[in-house]
Amino acid sequence: METQTQVYQRVTVMTVTGRVDSTSAGDLETALKKLVEEGKSHLVLDLSGVEFLSSSGLRVLVTTLKAVRKSGGDLRLAALSQRASDAIDLAGLDVLFKTYEDREAAVASF
Amino acid sequence: MRTAKPPSPPSERRRVRTRRLTVPGDTTSLAGVCAFVEAAADAGGFDERTSHACQLAVCEAVENVIQHGYRGERGTILLRARSGSGSLTVEIVDDAPAFDPTRYPVDPRASLRDARVGGRGLLMIRRVMDDISYERRGRQNILRLTKNRVFTGV
């Protein structure tokens, strides 16, 4: 798994690529926690390059969502790969996240 | 005069294929487990989306064994796959304490207030697979996951 972060004026976009399972979920959690601790609470995750997303990875998404909502922000998902979308639906977590066709739309939504 | 039993036709012989894989009970095994399930799903003639759903389900079951069964103790996990035309059965065999995931209650609804994210893996397994059975044989857990329909989404 790899992550790449772009910081805009009001929104921070993190692009996640590769496999997110219990071997890599910790790295994703650390990267997202760092953003939240820096006070970045308007987050967009670009999931277009996600090849595999297990419940361990989904757990990180939910804990980050809780953290940013607490500080009045949100975590929104953009450009979901079919695999990421299926994983989120199968876990019944689609109701928790706002999702957008592409990252531009997600950034503009804030 | 004795007559030999006629051999089964080639198509019949090709129809079912079995494979097995033994992995250490730690998370570094997960990518290999996915590759194993992908090959077995291919042999069953499943499309890419169904194959991925099966990989998710089997990996969730294996992760459960690693995290809640072995809990950091050393152990191995045996996978046995049987691929037929349009069907796939994967057995996950481990030596961890008895745990029957078919009896574990799972709430399909998720809310941020009480998101029991821990139970999500079991929900994923149940939503993907068409048949799930569990057996405790001696000191082994045997979880049998079967897919015989194309996955088209939840």
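**The sheet of chain B and the helices around it**

Tutor: Chain B holds an open sheet of 5 strands, in the order 1-2-3-5-4, with antiparallel pairing. The model is a predicted one. Strand 1 and strand 4 (131-137) of chain B are at the edges; each has a single partner strand, so one side of each is left without a neighbour in the sheet. On average, neighbouring strands of this sheet are turned by 15° against each other, direction ignored.

Within the sheet, strand 3 of chain B pairs with strand 5 (residues 140-147) of chain B in the antiparallel sense, over 7 bridges. In that pairing, Val90(B) stands opposite Leu145(B) of strand 5 of chain B. Helix 3 of chain B packs on the sheet and touches strand 2, strand 3 and strand 5 of chain B. The direction of helix 3 makes about 10° with that of strand 3 of chain B.

Next comes helix 2 (residues 30-43) of chain B. This helix has 14 residues and reaches 20 Å from its first C-alpha to its last, close to the 20 Å expected at 1.5 Å a residue. Its buried residues are Leu30(B), Val33(B), Cys34(B), Phe36(B), Val37(B), Ala40(B) and Ala41(B). Why do they lie on the same side of helix 2 of chain B? They cover an arc of only 160° around the axis, and this puts them on the same side. What covers these buried residues includes strand 1 (17-24), helix 3 (48-70), strand 2 (76-84) and strand 3 (87-94) of chain B, together with strand 3 of chain A. After helix 2 of chain B comes Gly45(B), whose phi is positive, near 80°.

Between the chains, 25 residues of chain A are in contact with 26 residues of chain B. On the side of chain A that touches chain B, the elements giving two or more residues are helix 2 and helix 3 (82-90) of chain A. Helix 2 of chain A gives the largest share of that side, 8 residues. The residues of this side of chain A divide into 10 nonpolar, 7 polar and 8 charged.

Chain A has an open sheet too, of 5 strands in the order 1-2-3-4-5, with mixed pairing. Its edge strands are strand 1 (2-7) and strand 5 (98-100) of chain A, each pairing on one side only. Helix 2 (residues 55-70) of chain A packs on this sheet, touching strand 2 (12-20), strand 3 and strand 4 of chain A.

Definitions and conventions. Residues are numbered from 1 along each chain as its sequence is written. Chains are lettered from A and ligands numbered from 1 in the order in which they are written. This is a predicted model: local features need pLDDT of at least 70, side-chain atom pairs count only at pLDDT 80 or more; totals for chains, interfaces and linings use all residues. Two strands pair if DSSP finds at least two bridges between them. Helices (H or I, at least four residues) and strands (E, at least two) are DSSP runs, numbered from the N terminus. Two residues are in contact if their C-beta atoms, placed from the backbone, lie within 7 Å. Axes are lines fitted to C-alpha atoms, for helices over the stretch in contact, and angles run from 0 to 180 degrees between N-to-C directions. The expected span of a helix is 1.5 Å times one less than its number of residues. A residue is buried if 20 or more other C-beta atoms lie within 10 Å of its own, exposed if 12 or fewer, and partly exposed in between; C-beta atoms are placed from the backbone. The arc is that of the directions from the helix axis to the C-beta atoms. Ala, Val, Leu, Ile, Met, Phe, Trp, Tyr, Cys and Pro count as nonpolar, Asp, Glu, Lys and Arg as charged, and the others, Gly among them, as polar.
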